[in-house]
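Please read the following walk through one chain with the sequence and the coordinates open side by side.

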Amino acid sequence: MFVALLEIELRLEASHSLKDKRQVVQSLIDQMRRRFNVSVAEVDRLDAWQSAVIGVACVANEKRFLQEAIAHVENFVESDPRIVVVRTETEIV
């Protein structure tokens, strides 16, 4: 069994309140859960208006499958025009 962990640091330029931020982040999290069947949560910078850190976890029996799944998640997040990806960090154990 292998586990992939992905941490994504985001910048939300158009966000001017926590409500704005949470609408974007929650929408992104819901879409990732539905589309990729991964566990997702906002894990840091909960009270910052224009930044967020999202954690993604996925379990599988092959490393190659996890690498592909995480790459798809990263591409999906980077394609969202509402956000800027500042940093990603991936670990497969």
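This is a predicted model: local features need pLDDT of at least 70, side-chain atom pairs count only at pLDDT 80 or more; totals for chains, interfaces and linings use all residues.

The buried residues of helix α1 are Lys 21, Val 24, Val 25, Leu 28, Ile 29 and Met 32. Viewed along the axis of α1, these residues lie within an arc of 130°, so they line one face of the helix.

On the face of α1 turned away from the buried side sit the exposed residues Lys 19, Gln 23 and Arg 34. The buried residues of α1 are covered by elements that include β1, β2 (39–44), β3 and α2.

Leu 66, Ala 69, Ile 70, Val 73, Glu 74, Phe 76 and Val 77 are the buried residues of α2. Looking down the axis of α2, one finds them within an arc of 160°, so they line one face of the helix. They pack against β1 (2–11), α1 (18–36), β3 (51–60) and β4 (84–92).

How do the two helices meet? The axes of α1 and α2 come within 11 Å and cross at roughly 145°, and the crossing is right-handed. From α1, the residues Leu 28, Gln 31, Met 32, Arg 35 and Phe 36 take part in the contact, and they meet His 72, Val 73, Phe 76 and Val 77 of α2. By residue type, this contact of α1 with α2 comprises 6 nonpolar, 2 polar and 1 charged. Leu 28 and Met 32 belong to the buried residues of α1 and also take part in the contact with α2. Likewise, Val 73, Phe 76 and Val 77 are among the buried residues of α2 and meet residues of α1.

The loops come next. Ser 15 lies in the loop between β1 and α1. Is Ser 15 buried or exposed? Ser 15 counts as buried because its relative accessibility is 4%, below the cut-off of 20%. Leaving aside residues up to four places away in sequence, Ser 15 touches Asp 20, Lys 21, Trp 49 and Gln 50. One of these, Lys 21, is a buried residue of α1. The C-alpha atom of Ser 15 is separated by 35 Å from that of Val 93, 78 residues apart along the chain.

Most residues other than glycine have a negative phi. Asn 37 belongs to the loop between α1 and β2 and is exposed, its relative accessible area being 69%. Arg 45, in the loop between β2 and β3, has a phi near 60°, again a positive value in a residue other than glycine. With a relative accessible area of 33%, Arg 45 is partly exposed.

Conventions
Residues are numbered from 1 along each chain as its sequence is written. Side-chain values use heavy atoms; hydrogens and water are left out. Buried means under 20% relative accessible area, exposed over 50%, partly exposed in between (1.4 Å probe, protein chains only). Helices (H or I, at least four residues) and strands (E, at least two) are DSSP runs, numbered from the N terminus. The arc is that of the directions from the helix axis to the C-beta atoms. Contact means heavy atoms within 4.5 Å. Axes are lines fitted to C-alpha atoms, for helices over the stretch in contact, and angles run from 0 to 180 degrees between N-to-C directions. A crossing is left-handed if the near helix is turned anticlockwise from the far one by less than a right angle, and right-handed if clockwise. Ala, Val, Leu, Ile, Met, Phe, Trp, Tyr, Cys and Pro count as nonpolar, Asp, Glu, Lys and Arg as charged, and the others, Gly among them, as polar.
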